[in-house]
Amino acid sequence: MDTATAIPVETTEQRSLTPLDYMSLPDTAWSWAKKLMHLALLHQEKALSLRRSIRAHDLHTPFAIHPLQCALAVLSEPGLDGELRVKLFDVLLHHELEVQTGIKPDFLPRPIQEMIRSLRCLSRGELGWSAPPEIRLAKLYSLTFNVLDGEIQSESFTDFLGRLIQDAETEFGQLNIVDMGRLALSRIAKRPA
């Protein structure tokens, strides 16, 4: 490679993560890209342990892939209102941040922080179904990608995922994530016992 055109690679020691001022970023593709990069670096460089920096299904994929998948999928969902997509983008992008890195998402607007807390509290039990429809939808994104990635293989999640799929279809109509959720359900059903 010609050294004149080589791009210098920063090492972890040279690069310092600075807080991203989320409040000042407009909702544009460039600001979303900044958020995606910032989140990926936080998960990579601030993980509480090596185990928390990678996905369990292959022990090689960076953990940040999960929130990135979820956030990009909801951002590109044509069946959802634009404002809701942007809100859920921030929620899904940051929904694992505190657990994986110990960093509280207090740099996000308060309503987004509250949605993340609600999402983390949503469970398979009946209490979880009192969460607002958009939180249940966010859970569908997260659970669907966990199943598709092989992070969750247990049939005990089939009822929960099935209910989330039906709920999303009732509340929001036909969405891409509904089809993806059905695909995830079929993958669980096909796994050998």
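## Exercises on helix α3

The buried residues of α3 are L84, V86, L88, F89, D90, V91, L92, L93 and H94. Buried means under 20% relative accessible area, exposed over 50%, partly exposed in between (1.4 Å probe, protein chains only). Helices (H or I, at least four residues) and strands (E, at least two) are DSSP runs, numbered from the N terminus. The model is predicted: local features need pLDDT of at least 70, side-chain atom pairs count only at pLDDT 80 or more, and totals for chains, interfaces and linings use all residues. Numbering starts from 1 along each chain as its sequence is written, and side-chain values use heavy atoms, with hydrogens and water left out.

**Exercise 1.** Find what the buried residues of α3 pack against.

*Solution.* Start with the chain: it has eight helices and zero strands. Contact means heavy atoms within 4.5 Å. By that rule, the buried residues of α3 pack against α1, α2 (65-75), α4 (97-101), α5 (110-121), α6 (133-148) and α7 (158-172).

**Exercise 2.** Work out how α2 and α3 are oriented.

*Solution.* Take the axes, which are lines fitted to C-alpha atoms, for helices over the stretch in contact; angles run from 0 to 180 degrees between N-to-C directions. The axes of α2 and α3 cross at roughly 175 degrees and come within 8 Å. α2 is therefore roughly antiparallel to α3. The cut-offs: under 35 degrees is roughly parallel, over 145 roughly antiparallel, 65 to 115 roughly perpendicular, the rest oblique. Now list the contact residues. α2 supplies P67, L68, C70, A71, V74 and L75, and α3 supplies R85, L88, F89, L92 and L93.

**Exercise 3.** Search the whole structure for aromatic pairs and classify what turns up.

*Solution.* Rings of Phe, Tyr and Trp (its six-membered ring) pair if their centres lie within 6.5 Å; planes under 30 degrees apart count as stacked, over 60 as edge-to-face and the rest as tilted. The search finds one pair. The ring centres of W32 and F89 are 6.2 Å apart and the planes stand at 55 degrees, so this pair is tilted. Next, place the residues. W32 lies in helix α1 (residues 29-45) and F89 in helix α3 (residues 82-94), so the pair ties together parts 57 residues apart in sequence. Both W32 and F89 are buried.

**Exercise 4.** Describe the setting of H94.

*Solution.* H94 is found in helix α3. Its relative accessible area is 1%, so H94 is buried. Now check its polar contact (a pair of N or O atoms within 3.5 Å; within protein, one must be able to donate a hydrogen and the other to accept it, and residues adjacent in sequence count only if both atoms are side-chain atoms). The H94 side chain reaches the backbone oxygen of D90 at 2.8 Å.
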